[in-house]
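My notes follow the order in which I checked them.

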Amino acid sequence: MALKMLQRAQLLGLKASPLFSSLRLLSVHAHQEHACVVCLWTSSRRCSLRHGCRRAPWLHPPPPTPTPPGRMGVCSMTIRDPLLGVSGAVHLHRDSPPDGGVRLSLAGLALGSKEDERDALKRVSSCGSLRQLLRFLRSSQLLSDNMAAAALHRLADLEQDGAGGLRDPAVLSDEALRGLCQKLEQESGRLGGAALVSTLLACTRLYLDPWSRLLVRLVSESQARLDQGSLGVVELCALAQALVALEGPDCTMLGQTMGQLQHSDPTQWSLDELVAAYDAFGAGVGEGGRYQDLLNAMHAHALSVAGRLEPAAVSKVLGALVVMGESQALPLVIALCKQAVRHVPVFTDSQLTAVLSALIHFGHSDRFLVQALEHHFAKKAFTAHPETVTRVMQYFGRRRVWSPAVFDAVAESFVYRADDYSTGQVGRQLQALGTLGYVPPNAGRLFRKVEALLHTRFSQFQPQVLLEVLHACTLLQRFPLNFVSKVFSPYFLQQLQEKESGMDRIVLAQLTQLYMTVKLECPFYNGPQLLPKYRLKSFLMPGHSLETQVDVHLYNSVKAGLVDLLGARSYFASKVLTPFCYTLDVEIKLDEEGYVLPASHIDEIHKRIAVCINGPKRFAVNAQKLLGQEAIKQRHLRSLGYEVVEIPYYEFERLNSKTETVEYLHKKIFPLSYRLSW
């Protein structure tokens, strides 16, 4: 077998290459099942052509032994028997043209003027489907090396399925693509530096076999250019991304690449070089805290030039910060958010999605960004990508932004394009409406569409997503009784439970509140009941909760006013946990004649008053609108017999003296009685 591998190396012209210095051969047992052809063409771990196809065991041997110090150990990757493995997307069929009909302009030479080259690259990036891209390749008699790399990148953009594979791996056998790849393989030594590393990166995005002839040649040539020191910052960053995809952050060749990058000064980088470096770190180059000094220098430089970044650069840098979890780079996030405000009208859907995802991750909001979204995005709700629409709704929900303009536009568009959304996207959009407690004007048509979706796609909803949808409906006073019985079934509850830790407390809280809603607001429901073991005793819990903790400063001020009003602290209780899971900020008990009873009194109680001391966190950030979870709490307390008195912060903060405070509390709590002076 070693002889066969050496013969293969001779065919590649790499007999003396150091790439084969650490070759490790694997045996193949005759009784093992062969993988399907498509599995052999790509390095994806799953087959999308044949359900149930498991890649043959010899494709996933035990982890290789460490590569000796030196160059990148491509041979330390999974090695396939040359007789059984099929090289990735570079071999032409016997009866195909020798070059697939593609001619290549090498060494970065532009075809015609720079404007013509730029226009051609725009044509590649504008291809919206695989058919358009293949038609472009077949109709192009001459491609520059940069255009060839761009075409492979566009193919990856169109065909990646988001789960570590391609939607249709068989596309790699297309005649035009195979001819292009063969030409790139044959002429790899004459490719320009940018085109060389860009092609290598594109091949990793297409999950080509690391042992395909094309990848071996590209890696070998990249190593030679790296040794010569002829790669610029952008090329080094692209090479770093490719190496991380091939061997991970421990790759020796990656260390050499980053070593050269560290010798340059980030303050002297152009904006394109800075963004390329962030792309590399976002790909995992800095995993485990590697190259932190370089990253800190990049943050400082990026902060100084944030106001000059283009839309694509803003989205890429923010996306990289999310991947790296750079929580200490909040000043940079704020600066990028300010720059993003200017770009809202021109952001592509993918760029806006990345920006909003980052702002959600870092918990940052900006009123100018909200205004820009309200002005521009409301017009695009019918045409924007489903994930972009969902991210906008999710951002407004997470940041508690009350925006009728956006909510109405999205709700109206939902009626017409609901089938475009995945079940998860449907859940996140409704969850945002439920969080704000916003009922759009077209609520009737909206919820009829939601009900139709639940009927037709019920089996597609993940259990937790379905629960979130139903819970959001109850926050908006819409009661999906047709599906509650299914949620309370033992089979569904078993699906909700996690394998090791059991059911999440948030899930239990949502189930409990859904059960209480059915009991209190839908007394005619006679379906299955939620078993007691799934019911919580309190909705108030650390972190995410179905109740918001009372604002401490506001509570203390109200408490002092109540003492002055009632005459003693013993006449009211604080933070009372009711038998119905809700926690009361203040509870006051009255007898039949309307006199206040001591808080410890348990007999002859005629009325209970629940005082809700609502601080800013119980409202939308930009409107005096109570959040959905607080509104449903007040509805349920009234249904349980409590008289609910709301003390909103924006009213209480206007009081300037003790006398005004006592008068205000008296009018709120005892509006029909005359107050005696103590």
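Below are my entries, beginning with the model itself.

**Model and confidence.** I am working from a predicted model, in which local features need pLDDT of at least 70, side-chain atom pairs count only at pLDDT 80 or more, and totals for chains, interfaces and linings use all residues. Residues are numbered from 1 along each chain as its sequence is written, and side-chain values use heavy atoms, with hydrogens and water left out. I looked up pLDDT (the predictor's confidence in each residue, from 0 to 100). The protein has a mean pLDDT of 82, with 82% of its residues at 70 or more. Over residues 1-100 pLDDT stays under 50, and there the model has 197 contacts beyond four places in sequence (contact: heavy atoms within 4.5 Å). Where pLDDT is low, predicted coordinates should not be read in detail.

**Salt bridges.** I counted a salt bridge as a side-chain nitrogen of Lys or Arg within 4 Å of a carboxyl oxygen of Asp or Glu. The structure holds 19 of them.

I noted Glu 221 and Arg 225 at 2.8 Å, N to O. Both sit in helix H8 (residues 213-228), 4 residues apart, about one turn of the helix; helices are DSSP runs of H or I, at least four residues, and strands are runs of E, at least two, numbered from the N terminus. Glu 221 and Arg 225 are both buried (under 20% relative accessible area; exposed is over 50%, partly exposed in between, with a 1.4 Å probe and protein chains only).

Next I took Arg 428 and Glu 387, whose side chains form a salt bridge at 3.1 Å, N to O. Arg 428 is in helix H19 (residues 423-436) and Glu 387 in helix H17 (residues 386-398), so this pair ties together parts 41 residues apart in sequence. Glu 387 is buried, at 18% relative accessible area.

Lys 607 pairs with Glu 643, closest N and O atoms 3.0 Å apart. Lys 607 belongs to strand S6 (residues 607-614) and Glu 643 to strand S7 (residues 643-648), so the pair ties together parts 36 residues apart in sequence. Lys 607 is partly exposed at 32%, and Glu 643 is partly exposed at 26%.

I also recorded a salt-bridge network linking Arg 154, Asp 157 and Arg 205.

**Exposure of the pairs.** Which of the two, Glu 221 or Arg 225, is buried? Both are.
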